[in-house]
Amino acid sequence: MRALKRSTSAAVALAALAGTAALTTAAPASAASYHCKTSSHSVDDPSYNGPDSDNWDFDVTLCAMRSGGYIYTTATVYWDGPYAASQHSTYTFNKAKFQLQTKHSVRGTDPVVKTAAYTGLEHALEHSSGNGNGSYSTGTLKSKAGCGRYLADGYIQLDWSGDGKSYRSPVLFTASPVV
């Protein structure tokens with residue numbers, strides 16, 4: 001009889017634990033989450049013509065989320081710079097920025113609802129790892145949601161040191177899915 005009580009108690013305890021585990025891992029059906037898209041672009045350093053590789057390979061993840069009557073957009077920039085990038089440090093760029101945009105998705109050109117320039121990208125690029133790699137995350141833009149759908153879009157602008165020019169043409173990336 002004692003063995004039966006132990007088995008029954010163990011079975012009840014296991015069932016309770018299994019039920020608790022199922023409850024704690026289930027996400028609420030209404031929980032909002034970001035919808036993201038990652039795209040890539042390789043950029044040649046126009047101020048360098050030597051034999052070493054000088055391309056900066058960028059991956060940008062653009063994300064948008066609708067929650068509580070608002071649209072939230074954010075971006076993360078990842079890069080694989082030239083292996084000598086850390087040797088150039090603060091002499092690589094005069095300026096660099098990531099321009100994050102929240103856009104209203106419509107037929108034709110999507111109008112910009114909110115935008116912000118993140119100039120901290122220059123510091124992050126110029127302080128890459130010893131291998132020339134790194135990442136930079138923007139802040140989050142919050143916009144009141146109206147009717148329709150929205151998305152995150154953005155681009156990088158680089159002003160290379162030593163090339164005698166200001167910002168080059170924007171480096172464009174694929175927008176996030178609409179929310």
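Student: What should I know before starting?

Tutor: This is a predicted model, in which local features need pLDDT of at least 70 and side-chain atom pairs count only at pLDDT 80 or more, while totals for chains, interfaces and linings use all residues. Residues are numbered from 1 along each chain as its sequence is written, and side-chain values use heavy atoms, with hydrogens and water left out.

Student: How do I read a sheet?

Tutor: Strands of a sheet pair through backbone hydrogen bonds, either parallel or antiparallel. Strands (E, at least two residues) are DSSP runs, numbered from the N terminus, and two of them pair if DSSP finds at least two bridges between them. Here four strands form an open sheet in the order 5-4-8-9, with antiparallel pairing. Strand 5 and strand 9 (171-172) stand at the edges with a single partner strand each, so one side of each is left without a neighbour in the sheet.

Student: How many bridges join strand 4 to strand 8?

Tutor: Twelve bridges join strand 4 to strand 8 (residues 149-160). On strand 5 (residues 112-118), strand 4 pairs over six bridges. Glutamine 99 shows both pairings: its bridge partner in strand 8 is tyrosine 155, and its bridge partner in strand 5 is alanine 117. Threonine 102 stands opposite lysine 114 in strand 5. The hairpin of strand 4 and strand 5 has six residues between the strands, and there glycine 108 takes a positive phi near 90°.

Student: Which cysteines does the disulfide join?

Tutor: A disulfide is a covalent bond between the sulfur atoms of two cysteines. The criterion used is a pair of cysteine sulfur atoms within 2.5 Å. The structure holds one disulfide, and it joins cysteine 36 to cysteine 63, with S to S 2.0 Å. Cysteine 36 is in strand 1 (residues 35-44) and cysteine 63 in strand 2, 27 residues apart. The torsion about the S-S bond of cysteine 36 and cysteine 63 is about 115°, so the disulfide is right-handed.

Student: Are these two cysteines buried or exposed?

Tutor: Buried means under 20% relative accessible area, exposed over 50%, and partly exposed in between (1.4 Å probe, protein chains only). Cysteine 63 is buried because its relative accessibility is 8%, whereas cysteine 36, at 39%, is partly exposed. Cysteine 147 is exposed, at 73%.

Student: How do I read pairs of aromatic rings?

Tutor: Rings of Phe, Tyr and Trp (its six-membered ring) pair if their centres lie within 6.5 Å; planes under 30 degrees apart count as stacked, over 60 as edge-to-face and the rest as tilted. There are four aromatic pairs in the structure. Tryptophan 56 and phenylalanine 58 are stacked, at 6.5 Å centre to centre and 15° between the planes. Tryptophan 56 and phenylalanine 93 are edge-to-face, at 5.5 Å and 65°. Tryptophan 56 lies in strand 2 (residues 55-67) and phenylalanine 93 in strand 4 (residues 93-105), so this pair ties together parts 37 residues apart in sequence. Ring pairs link Trp56, Phe58, Phe93 and Trp160 into a cluster.

Student: Where is glycine 139, and what does it touch?

Tutor: Glycine 139 lies in the loop between strand 6 (133-137) and strand 7 (141-144). Contact means heavy atoms within 4.5 Å. Not counting residues up to four places away in sequence, glycine 139 touches Thr73, Thr74, Leu100 and Tyr118.
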